[in-house]
Amino acid sequence: MVNITYDDSGSIDWSDGRTDPPTTWVYNPGDIAWVLASTALVWIMIPGVGFFYSGLLRRKNALSMIWASMMTLAVVSFQWFFWGYSLAFSDTGNAYIGDLRYFGLKGVLEKPSAGSNKIPSIVFCVFQLMFAAITPMLAIGAIAERGRLGPIMVFVFVWSTIVYDPIACWTWNPTGWSFVLGGLDFAGGTPVHISSGTAALAISIYLGKRRGYGTERLAYKPHNTTYVVLGTVFLWFGWFGFNGGSALAANMRAVQACIVTNLAASVGGLTWMLWDYRLERKWSAVGFCSGAIAGLVAITPASGYVGSPAAVLFGVMAGTLCNFATQLKFIFGYDDCLDIFASHAIGGVIGNVLTGLFAQASVAGFDGFTIIPGGWLDHHYIQLGYQVADSVAGMSYSFVMTTIILWIMHFIPGLRLRATEEAEILGIDDAEMGEFAYDYVGIDLGAGGGHEFRDDTHSHGVLPPAAGGREPRHASKVHAHADASSVDGSDSVEKREAGHV
């Protein structure tokens, strides 16, 4: 029987009999309700990522990303129960990773949580599960159009254990080295965004380029912009719980986090869209959505520490720098078809650095009890060093460990992540799932009587091929030259592809 009672106000009182005299902890039902509601808000973000990624791809690979979002949620839910929560938030672990004290969630119930003594550990556990689940989903978008789905389930379990859990531990666990050092990360700049974005870079490099990279074949527009907008709506909506819920209580700090979250997203979307307008003189919905996501990523580590004016700068900087960071894949020659590194890793670093500059003790104190020295605005100049150290550590650790995991799996029979060229031509949906996002498309085209529809072409005027993604190459009057055989392939390949694109 759990040793809890209710006082006259309806608050939950738990008496810790392990101390002498017993210590009584009071949990406000309103705080618990807000964190549980935020849990549901973050949950909806996970399929939101799937729809967002799906819309950006070609139709023959659309369903695989939506499948991946639900698969990731399921795999990480088991991993979190099994040992993930304990490895991240055990209070008897070391500065880098927890131990197995809470293996199988044993003892995770009424005790004050590692994040806040305002809520019991079981509430904190399920809230943090959603962060653990969305992070690998952000990363595995890098397998789009050329990755096998079976091995990715193994990868998600292993990556969550070896990469996400240690970074979450050192960032948010009171025993973690970054936490003790004084790093400020309110809702996941390093554990969620930097780790996933850098892992996506490692995956992209490992998998290599898709068939037809650098040619008109991959210069396609997103096949379903409505999915992109829908995914953004789910993400933006859920981010109120992602950042606001990280206050771990229903208080003024949570409200402030929601305000700056919405403001940074709005400004980020407008900024990216305006930068895109200079290229084609078109008002891009995909550009707006990409900028909104970049603004949300950047404000994440700062949302409980900065004021509203700073949020405007976060949006402008993220919308600008993440937009231009999409060109890194052309400079360095890797095929990150969804620009995950540019949006999440670069966006996370922007957020961490700006937190070091604009964090304010007065804003953190909106909850009535949090005390921090602040950032440069409060003349605490070393804070920027803490933020940079945490960012560099997160990027380095995620990239190296992800690469090691991928190459170990590469030499294990059945776990190689790269799909065959034939599967890539056929489409991952058909080759790996035998299902399609739009079963009616072939029927409609067949009845069209000679109308040739292709979803792998893209017109940017004089702009060169963009290799998919969110952003065309930032250049003009450049013409791509490709061998016709490398674009079109053999007659047999072309006939098969025409039926599935």
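## Threonine 320 and helix 10

The side chain of threonine 320 places a polar atom 2.9 Å from the backbone oxygen of valine 316. A polar contact is a pair of N or O atoms within 3.5 Å; within protein, one atom must be able to donate a hydrogen and the other to accept it, and residues adjacent in sequence count only if both atoms are side-chain atoms. Threonine 320 sits in helix 10, residues 308-325. Helices here are DSSP runs (H or I, at least four residues; strands are E, at least two), numbered from the N terminus.

Threonine 320 is buried because its relative accessible area is 18%. The cut-offs are under 20% for buried, over 50% for exposed, and partly exposed in between, with a 1.4 Å probe and protein chains only.

## Basis of the model

This is a predicted model: local features need pLDDT of at least 70, side-chain atom pairs count only at pLDDT 80 or more, and totals for chains, interfaces and linings use all residues. Residues are numbered from 1 along each chain as its sequence is written, and side-chain values use heavy atoms, with hydrogens and water left out.

## Salt bridges around arginine 210

Eight salt bridges occur in the structure. Each is a side-chain nitrogen of Lys or Arg within 4 Å of a carboxyl oxygen of Asp or Glu. One of them pairs glutamate 145 with arginine 210, with the closest N and O atoms 2.8 Å apart. Glutamate 145 is in the loop between helix 3 and helix 4 (149-172), and arginine 210 is in the loop between helix 6 (189-207) and helix 7 (225-244), so the pair ties together parts that are 65 residues apart in sequence. Both ends are covered: glutamate 145 is buried at 1% relative accessible area, and arginine 210 is buried at 2%.

Aspartate 335 also reaches arginine 210. Their side chains make a polar contact of 2.8 Å. Aspartate 335 lies in the loop between helix 11 (328-332) and helix 12 (340-358). Its relative accessibility is 1%, so aspartate 335 counts as buried.

## Two further bridges

Glutamate 421 forms a salt bridge with arginine 211, at 3.4 Å between the closest N and O atoms. Glutamate 421 belongs to helix 15 (residues 421-426), while arginine 211 is in the loop between helix 6 and helix 7, so this pair ties together parts 210 residues apart in sequence. Arginine 211 is buried, with a relative accessible area of 15%.

Lysine 329 bridges to aspartate 339, and the closest N and O atoms are 3.0 Å apart. Lysine 329 is in helix 11 and aspartate 339 in the loop between helix 11 and helix 12, 10 residues apart. Lysine 329 counts as buried at 1% relative accessibility. Aspartate 339 is buried too, at 2%. Elsewhere, salt bridges that share partners join Arg58, Glu145, Arg210 and Asp335 into one network.

## Helix 12

Helix 12 has 19 residues, and at 1.5 Å a residue they should span 27 Å; the end C-alpha atoms are 26 Å apart, which agrees. The expected span is 1.5 Å times one less than the number of residues. Most of the helix is covered, with 16 of its 19 residues buried.

Valine 349 is in helix 12. Valine 349 is partly exposed, because its relative accessible area is 23%. Its C-alpha atom is 6.8 Å from that of isoleucine 194, a residue 155 positions away along the chain.

## Aspartate 390 and helix 14

Aspartate 390 is in helix 14, residues 382-410. This residue is buried, with a relative accessible area of 4%. Aspartate 390 and threonine 171 are 219 residues apart in sequence, yet 8.2 Å apart in space, C-alpha to C-alpha.

## Cysteines and a surface patch

A search of the whole structure finds zero disulfides, a disulfide being a pair of cysteine sulfur atoms within 2.5 Å. Cysteine 169 counts as buried at 0% relative accessibility. Cysteine 258 is buried at 16%.

Val2, Ile4, Tyr6, Leu109 and Ile122 make a nonpolar surface patch of about 410 Å². Patch residues have over 30% relative accessible area and no salt bridge; like charges are joined within 9 Å, and nonpolar side chains (Val, Leu, Ile, Met, Phe, Trp, Tyr) within 5 Å. Areas come from the Shrake-Rupley method with a 1.4 Å probe; for residues, only the protein chains shown count as cover. Leucine 109 lies in the loop between helix 2 (62-89) and helix 3 (121-140). At 38% relative accessibility, leucine 109 counts as partly exposed.
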